[in-house]
Amino acid sequence: MVHLTSPAFKQNAARAMADPGLQQALARSKASFPGKRTAAVAALPEFEALRDIGRDIKNHTLANLDWYLETYAAQVERAGGVVHWCSTADDARAAVLEICRKAGAKTVTKGKSMISEELGVNEHLETHGITPVETDLGEYILQLRKEPPSHIIGPAFHLNREDWEESFREMHTDLPKDRVFGERRDILVEARTRLRSKFLAADVGITGANFLIAETGSSVIVTNEGNGDLTQTLPRVHVVLASIEKMVPTLEDATSLLRLLARSATGQDFSVYTTFSTGVRRQGDLDGPEEYHVVLLDGGRSNMIGTEFQEMLRCIRCAACMNHCPVYGVTGGHAYGWVYPGPMGSVLTPTLVGVEKAGHLPNASTFCGKCESVCPVKIPLPKLMRHWREREFERHLSPAAYRRNLGLWAWFAKRPSMYRLATRFATGALGLLARGKGSFTSLPLAGGWTEGRDLPAPEPGGTFMQRYARQQRATRG
Amino acid sequence: MPKPRPRVALFVTCLVDLYRPSVGFAAIKLLEAAGCQVEVPEMQTCCGQPAYNSGDRATARDLARPVIDAFLPYDYTVVPSGSCGGMISHHYPGLFDDQDPYYRGRAEALAAKTHELISFLTDVMGMAAVKAHYDGIVTYHDSCSGLRELGIKAQPRKLLAGVEGVAMREMAEAETCCGFGGTFCVKYPEISTRMVGDKVKDIQATGADTLLAGDLGCLLNMAGKLHREGVPVRVRHVAEVLAGMTGDVAPIGEQRG
């Protein structure tokens, strides 16, 4: 399981901001994704209307989730598959292991799955003598480097080409010394060569799911590399790892959401591969697994239903929020300290690991609102982060000094005449301190501000209310 | 159609009150030029946003109630800030959700007639041009709440285009947050400073000599960073330029001289 470092968000962020390689990678992402999304959206006049449709599909599904889950499970079983209902991460890990054991699996290939990261499937399988092999290019390098993903669709976006080369040379010990890794293509060729035999040797293939379709019992994955298809068609056993909110009612609903997904994520009209899987291989089918399992995880999500956080379950994991987030843009994904970074993680992580551990995340936002403005299913992310701050405030989890200052300020702000006195005193005192200069380079109690920037001094002449009252008296004569 | 000489209550905002009274006086001048009768309700302190965004809804409600009582009697409430304006027009009603239907109704009524200053001048009062002169190459930062909650983008540019002597030069990423974020800037100072550092680079790259915006929090943040980096850009609230009051007060963070 991804080691939780969210409580050390500030230290994580400081380290990230001091890492030139990471900053270079982040600059590359910032220069790429927002522009691509904008172009894709501009080319589809009905995109805004589609966002409403996407939101409504998800809202409807969540309002009737029990019914759709049962319908879905019945359809999976009709198609010869098995649904493993798992309330907790432990249940889901056990279910995956059990399936692999029964299949006598030695190696397991894996498509990209954030649920797998959430569960720590790789570590669990390794502990029990089964070798997992990540087949998504980004996940593959992260497995070599023993690093968690930093982004939900581009897990290794934080790495530069030199990092790839370094890891390949270190881990692929038989590589000739004169092998050149000059461009992206060289990296692809190396990974593809290594993976080909793994695909063929695997006993079980594990994939995630972008959508589960109640109408047909199908699971849907999208990839740009085709690794998902090889993962799920070549082995004898296919395991789908998915959480309950991936549910949509019909094939048509799934296609509506697919029209939003790639455009929001990478600015593509569609991902290169979109694959629908339904049950086991039937007589006469050219391909398909002998066994088809769905490990269906709740993992705390049903607790969100009926709360102010329910809207978060609409998320289709496109990553537009983090691609556009100015905080993610300087800290990168690892700073957030768990599986899901960026704005969507700042709402989801406290739900799944507890706000007492992930309390920094919903606070580390300027509420600039960019995330909400690009969310394909219109999740009000700043509002939901504010709800977490409310929970923290109620439970006295916010820092004591901060609460004290806020309380002191509020005491004055609630008493206009006292407030006038205090602000007059404050501007007067700051005015005296600032005499001869327009800005402070440092100021007692304002170290947070003045560490990296000056603090402008108040305009001389007193507060507005003071001056306005003076002016009114003068006019009245 | 707006009534002849609508009665407008000016919500000054705590930052303008404390830091930049000229913005308040510029607002009054512009509103009067647009044909409004302006009053400044005396009891105002702060809209409550710091408490609201810190998760302290009870304090936010306590601060919102007297604002609602004092400002509701006027035809309009006008705020020289997208952030505080958005607090009243977009967030006040939600503060009283189910617990207090009386104030919920009053908050909705106030929200419906509360506007940010510049968009009020153009969109409600139909102001097409101002009489002002300012010599400068101007770049404009779109503050987040104004831009995304209230749709303020074209309005200040439209009025600035009519100011004699102004040449506009847009910066890259004008819509990206400057890193102020209310209490964020002191809770996460390193991240905030990095964000405003990036903003300063974008400002510098335009070659503009003046930075304008419609929110004092962002302006203090950007002025502070420009000053620290020694970048000679004059920083002002857009209302000061539109009201032709730049001769009355030095740019933000600078000494008159």
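This is a predicted model: local features need pLDDT of at least 70, side-chain atom pairs count only at pLDDT 80 or more; totals for chains, interfaces and linings use all residues.
Let me start with helices H11 and H12 of chain B, which count as roughly perpendicular to each other, a label used for angles of 65 to 115 degrees, while angles under 35 degrees count as roughly parallel, over 145 as roughly antiparallel and the rest as oblique. Their axes come within 9 Å and cross at roughly 75°, where an axis is a line fitted to C-alpha atoms, for helices over the stretch in contact, and angles run from 0 to 180 degrees between N-to-C directions. On the H11(B) side the contact is made by B:Val196, B:Gly197, B:Lys199 and B:Val200, and on the H12(B) side by B:Asn221, B:Met222, B:Lys225 and B:Leu226; by contact I mean that two C-beta atoms, placed from the backbone, lie within 7 Å. By class, this contact has 4 nonpolar, 2 polar and 2 charged residues, with Ala, Val, Leu, Ile, Met, Phe, Trp, Tyr, Cys and Pro counted as nonpolar, Asp, Glu, Lys and Arg as charged, and the others, Gly among them, as polar.

Residues are numbered from 1 along each chain as its sequence is written, and chains are lettered from A and ligands numbered from 1 in the order in which they are written. Helices (H or I, at least four residues) and strands (E, at least two) are DSSP runs, numbered from the N terminus.

Now to the sheet of chain B, where 4 strands lie in the order S6-S5-S7-S8, open and with parallel pairing; two strands pair if DSSP finds at least two bridges between them. Strands S6 (164–168) and S8 (234–237) stand at the edges with a single partner strand each, so one side of each is left without a neighbour in the sheet. On average, neighbouring strands are turned by 35° against each other, direction ignored. S7(B), residues 210–213, pairs with S8(B) over 4 bridges, and B:Ala213 has B:His237 as its bridge partner in S8(B).

Which residues does A:Ser398 contact, leaving aside its neighbours within four places in sequence? They are A:Glu392, A:Phe393, A:Arg403 and B:Gly55.
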